[in-house]
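Trainee: I've got a model open and want to talk through its ligand site and its cavities. Can we take it step by step?

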Amino acid sequence: MLKHDVLIIGAGLAGMRAAVAAKDLGADVALVSKVHPVRSHSNAAQGGINAALGHRGDKWEDHAYDTIKGSDYIADQDAVEIMAKEAGSEVISMEHMGVIFNRDDQGKLGTRAFGGQRKARTFFVADFTGQALLHVLYEQIVKSDVLVYEEWFVLSLIVQDGECSGAVMIDMKSGKIEVCIAKTVILATGGLGRVFEPSTNALICTGDGMALAYRAGVPMMDMEMVQYHPTTLKNNGALMSESARGEGAYLRNIDGERFMAKEGNAPKMMELASRDVVSRSEQKEINEGRGVDGCVLLDCTHLGEKLINEKLPQIRDLAKDFANVDMAKEPVPVRPGMHYQMGGIKTDVNGLTTLPNLYAAGECACVSVHGGNRLGANSLLDTLVFGRRAGEHAAEVSKNRSNPKISSTDVLKKHEEDIEKLLSNNDKNGFVFGSIRKEMGTLMNQYLAVFRDETGMQTALEKLSELKLKYKNIIVPDKGRVFNTALIFTLELGFMLDCAETIAISALERKESRGAHARTDMPDRDDKNWLKHVLVYKENDDAYRVDYLPVVITQWKPEERKY
Amino acid sequence: MKVEYKVKRYNPESDVALESFDTYVVELDQAATVLDGLIKIREEVDNTLTLRCSCRSAICGSCAMRINGQAMLACNTKVSDFEENGNIKLLVEPPGNMPVIKDLVVDFVPFWSKVKSVDPWLKSSHPPKYMEEHIASNESMLHLSGVMGCIMCGACVSDCTVLEVDKSFLGPAALAKAYRFVSDPRDDSTKFRLKALEKPSGMWDCTRCMQCVEVCPKGVDPMGRIMKLRDFAIQDGYKNTYGAKHTAVFTDSVKNTGWLNEFQLPLRTFGIFNVFKLLGLLPILLDALVSRKVPPVFHHKLPSVSSIQRIFKKVDLQITKRE
Ligand SMILES: Cc1cc2nc3c(=O)[nH]c(=O)nc-3n(C[C@H](O)[C@H](O)[C@H](O)COP(=O)(O)OP(=O)(O)OC[C@H]3O[C@@H](n4cnc5c(N)ncnc54)[C@H](O)[C@@H]3O)c2cc1C
Ligand code: FES
């Protein structure tokens, strides 16, 4: 049996930031990750991280306002205030740790413009900001000697007497299952992109942490808010960072027209309007026949080769590799693609969930700072600010809690039997993970994408329960124990089906259009009835319950959203 | 288009045929990557095929493997690059120089322990005040981003020819990481770092085969960074290592005689009284005798030495100018 004060599940930016913070307070901390920390998906963040630095003439209030307007007014304003206020010190402390942020002429940190914001306040490292941050945080983990269970996969949370007391996990290298007792547990497992097909997310983004919490009775909040990013490649869903538009790229339709200028789109902020707005404008162009082969065009040709090489080198390679286009010379065909989950495990501003001693931070959590639509470069900030806060709070709480008493043999036995049962299913009529995953991904992308309606969402929910039925007869063809990835994918698929269901349920629930949730059958925002969060609870095996929570409003009254 | 994958398999739990090859033929489209095909095999043909991959966009560093004999990322390598007379045949093997766990998955523990051994974090004894950043030029940061672009995929380590014969060599990835801190204007433990790197198995053990430069999928140029580390070490006065002496004697010989005095090189590098080291060279000398490749004992000056000295002057001048 393993034992720690603070067990952090997930070693992306949120998890590692939490680990550094908890370790600084003297806690016995351990990280678990199903991939080596530097393989985590935070790597993929290209564009940057937002912060309004007061001594540079920017105001945290402005950043907060842009975030809240971006969220279509269902972000909790107390949480947004905290994020905007603490952004500066978080970014600067990452610089102190060693991040090589781009500089201005005076050698100070430089900024670039990003969507939905009236000021350039995005700090960046070329177009691989996420990688630069992730590797530096890993350096800090090495420096402070935090124990990492590398390539261990968490199967479930241990809940006893209404408290979270650890997790059960499997060492992928040996296939051995272990119980880890912990005074506090932090979920930092990232997003659920693979629930959709295609998605900009990595193959490991399977919503595990959300499903783990959901199964432990913790509510999922605002799950209907799924962000479709305006510029993804048709071929494999890879992302062309918003920094392209931040650096001045245009979006054009087949006639070469900058369609963002149209009334009803975003004549003022044009390409740099909020993502939900840009994605809808693009989808309209495509649906109304002004697209190019199911796409619109991202035009960078006027930016010049030097700027592209210095500030957008990675996406130039991506466009070359996957779309066969040199973006310095030709426009790149792009379309809206699933990118980010605004909703997630409901937490307070210290990352604490409704289950005592269980925390969540990063993309798997919903604090909520993104509401109906996340601004570009606010997610990295979210991972760091709330990762740190969760780490600090958990470390403090652990000081006052004695080691939970768990009968680990029983817990272990149950999990071993479950896995054994899964591996021993040889039913000829059984299903394997690949086919179910594909079906789920395709239907989610069809019915819960940029535009939605009642019939579509209902169809999705019905099809999902059919898939869940199929999943009950799943077979794992690889019967080995060592590095059995087929087993892992099968378990992940179980997590994804739970997540998919909560998305469909919440989406059906919200009877209006707000942020990323755009219903063709109910196109208007309805503040009177829907200025609130939607929560989904798991009751038992196949039943769920829906609840609501008012939005916290501090100083910004909801107004019409125009860009 | 049809693509043939011949994949090296290894299942540690099976008691028969420990290592084998399986062949799969899959239908892929023109733009497909090697990884697309492997995923298709894994999902639709053979669920037991085991490999690491995640981002599909050359950023997470999971999918380095040997494809037709050379280490590369499966996710940014197109199958069509290997087309020959209308056929595409791929030989897919795990990366080299690392113990195999299963199929294409190797054990990265030795890799990471070497990276950890270079103290891979910024050491700045006078950090700026709260809410103030280090002042640094954008050029210096851009220069570092060339090394920070390293995704730790292990392609360089896989194909490093020194590691093939000497497992203790720090290797290109760890040394490039060390360079990242040595050349960071904010880091103030350069001397300490260089001293650690000049130990045996460190920067002087690279043989400059260029293999790492060739296979690096991110243009990190590990060997170039190692050479830079050597320059820094010599400039910083770490001249008392075999590597530094070797460089000095080498340069001296070419500068003064126009070509390399191979006979003197080991004598002067190790020192004439270093009997132990010199005895260790005997087998090489014997080999050379057998294959009639012993360098001349009496080394003469080339008549054209003056033109070579002009090159040296030019280079020296450029260095002074740059400084
Ligand atoms: C292509 C792309 C570009 C982006 N660009 C930006 C940007 O420019 N700016 C911005 O602010 N945001 C950006 N984002 C969003 C942002 O990158 C992510 O939201 C953020 O990095 C998530 O970080 P995280 O720490 O929550 O999770 P992750 O980094 O995804 O880490 C999750 C961790 O959990 C572990 N894990 C998961 N499940 C388990 C399990 N069952 N057992 C054990 N471990 C588990 C994983 O191994 C991993 O270590 C981008 C996203 C994408 C996809
Ligand atoms: S899958 Fe991430 S580098 Fe290839």
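Trainee: How many cavities of 30 Å³ or more does the count come to?

Mentor: Keep in mind that this is a predicted model. With the cut-off set at 30 Å³ or more, the number of cavities is 10.

Trainee: Which helix gives the largest share of the lining of the second largest cavity?

Mentor: That cavity has a volume of about 100 Å³. It is lined by 16 residues, and the closest to its centre are C150(B), C153(B), C156(B), C216(B) and V220(B). By class, the lining has 14 nonpolar, 1 polar and 1 charged residues. Two helices of chain B, α4 (155-158) and α6 (171-182), each supply at least two of the lining residues, and the largest share, 3 residues, comes from α6(B).

Trainee: Over to ligand 1, then. Which residue has a polar backbone atom 2.7 Å from an oxygen atom of ligand 1?

Mentor: Let's go through the backbone contacts to ligand oxygens. A188(A) has a backbone N or O atom at 3.4 Å, and A11(A) has a polar backbone atom at 2.9 Å. The one at 2.7 Å belongs to L380(A).

Trainee: How much of the accessible area of ligand 1 does the protein cover?

Mentor: On its own, the ligand has 1000 Å² of accessible area. Around it sit 37 residues, with S40(A), H41(A) and S42(A) among the closest. By class, that shell has 15 nonpolar, 18 polar and 4 charged residues. The protein's cover comes to 98%.

How values were computed
Residues are numbered from 1 along each chain as its sequence is written. Chains are lettered from A and ligands numbered from 1 in the order in which they are written. This is a predicted model: local features need pLDDT of at least 70, side-chain atom pairs count only at pLDDT 80 or more; totals for chains, interfaces and linings use all residues. Side-chain values use heavy atoms; hydrogens and water are left out. A residue is near a molecule or strand if one of its heavy atoms lies within 4 Å of it. A polar contact is a pair of N or O atoms within 3.5 Å; within protein, one must be able to donate a hydrogen and the other to accept it, and residues adjacent in sequence count only if both atoms are side-chain atoms. Accessible areas come from the Shrake-Rupley method with a 1.4 Å probe; for residues, only the protein chains shown count as cover. Ala, Val, Leu, Ile, Met, Phe, Trp, Tyr, Cys and Pro count as nonpolar, Asp, Glu, Lys and Arg as charged, and the others, Gly among them, as polar. On a 1 Å grid over the protein atoms alone, a cavity is a set of points where a 1.4 Å probe fits but cannot get out, and a pocket is an open set with protein on both sides within 12 Å along at least five of seven lines; lining residues have an atom within 4 Å of a point. Grid points are joined across faces, edges and corners, and a volume is the space filled by probe spheres set on the points. Helices (H or I, at least four residues) and strands (E, at least two) are DSSP runs, numbered from the N terminus.
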